[in-house]
Amino acid sequence: MIDTIFTTLGTQLRSVRKRRGLSQPDLGTRLGRDRARISELERDLANNRLGRDRLTLFAEICDALDLVPVLVPRSRVSEVRQLIDDETSQSRRSRQVPTAFDELFVDLGEDDEEER
């Protein structure tokens with residue numbers, strides 16, 4: 001099967017939802033929609049089956065997942081995906097995971113102690 005914009009969108013929406021740790025019922029609750037509607041949209045887009053109300057639900061899901069759809073010429077999709085993957089990888093490497101110590105204690109430093 002040749003990927004269309006719809007199959008790509010369906011696959012990407014499902015992937016982002018899962019990476020964000022949201023189940024279909026969780027996302028449905030955020031949108032005030034039934035879980036079945038979320039499942040239906042992901043499945044229908046991924047299988048290139050279109051129906052009414054898809055664009056509205058798609059826009060609502062993008063909003064709930066804090067995503068902005070971007071149109072890219074098909075000839076540049078691979079290039080743009082690589083740029084996004086590179087940026088995501090770099091962001092993950094530079095993000096420092098706080099320890100329990102960091103979460104519980106604050107270093108007041110010399111300046112803060114002198115002000116007391």
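Predicted model: local features only at pLDDT ≥ 70, side-chain atom pairs only at ≥ 80, totals over all residues.

Student: How is a packed pair of helices described in general?

Tutor: Two packed helices are described by the angle between their axes and by the distance between those axes.

Student: Which residues of helix 2 and helix 4 make the contact?

Tutor: Helix 2 contributes Leu27, Arg30 and Leu31, while helix 4 contributes Leu57, Glu60, Ile61 and Ala64. By class, this contact has 5 nonpolar residues, 2 charged residues and no polar ones.

Student: What does the largest nonpolar core consist of?

Tutor: The largest nonpolar core has 13 residues, and those with the most contacts inside it are Leu13, Leu27, Leu41, Ile61 and Leu65. At least two residues of this core come from each of helix 1 (5-19), helix 2, helix 3 (35-46) and helix 4. Helix 4 supplies the largest share, 4 residues.

Student: What is Ile61 in contact with, leaving aside its neighbours within four places in sequence?

Tutor: With those neighbours left aside, Ile61 is in contact with Leu13, Leu27, Leu31, Ile38 and Leu41.

Student: Now a charged residue. Is Arg17 buried or exposed?

Tutor: The cut-off for buried is under 20% relative accessible area. Arg17 has 5% relative accessibility, so Arg17 counts as buried. Arg17 lies in helix 1.

Student: Which backbone oxygen lies 2.9 Å from a polar atom of the side chain of Arg17?

Tutor: That of Leu22. Beyond four places in sequence, the residues in contact with Arg17 are Leu22, Ser23, Gln24, Leu27, Glu42 and Leu65.

Student: And Asp66, is that residue buried or exposed?

Tutor: Exposed means over 50%. Asp66 is at 69% relative accessibility and therefore counts as exposed. Asp66 sits in the loop between helix 4 and helix 5 (77-94). Its phi is near 55°, a positive value in a residue other than glycine.

Student: How many helices and strands does the protein have?

Tutor: The secondary structure comes to 7 helices and 0 strands. Of the 116 residues, 21% count as buried. Among contacts between residues at least 6 apart in sequence, 60% join residues at least 24 apart.

Conventions: Residues numbered from 1 in each chain as written. Heavy atoms only, no water. Contact = heavy atoms within 4.5 Å. Nonpolar A, V, L, I, M, F, W, Y, C, P; charged D, E, K, R; others polar. Buried < 20%, exposed > 50% of the residue type's maximum accessible area, 1.4 Å probe, protein only. Core = buried A, V, L, I, M, F, W, Y, C linked by side-chain atoms within 4.5 Å. Polar contact = N/O pair within 3.5 Å; in protein donor to acceptor, adjacent residues only side chain to side chain.
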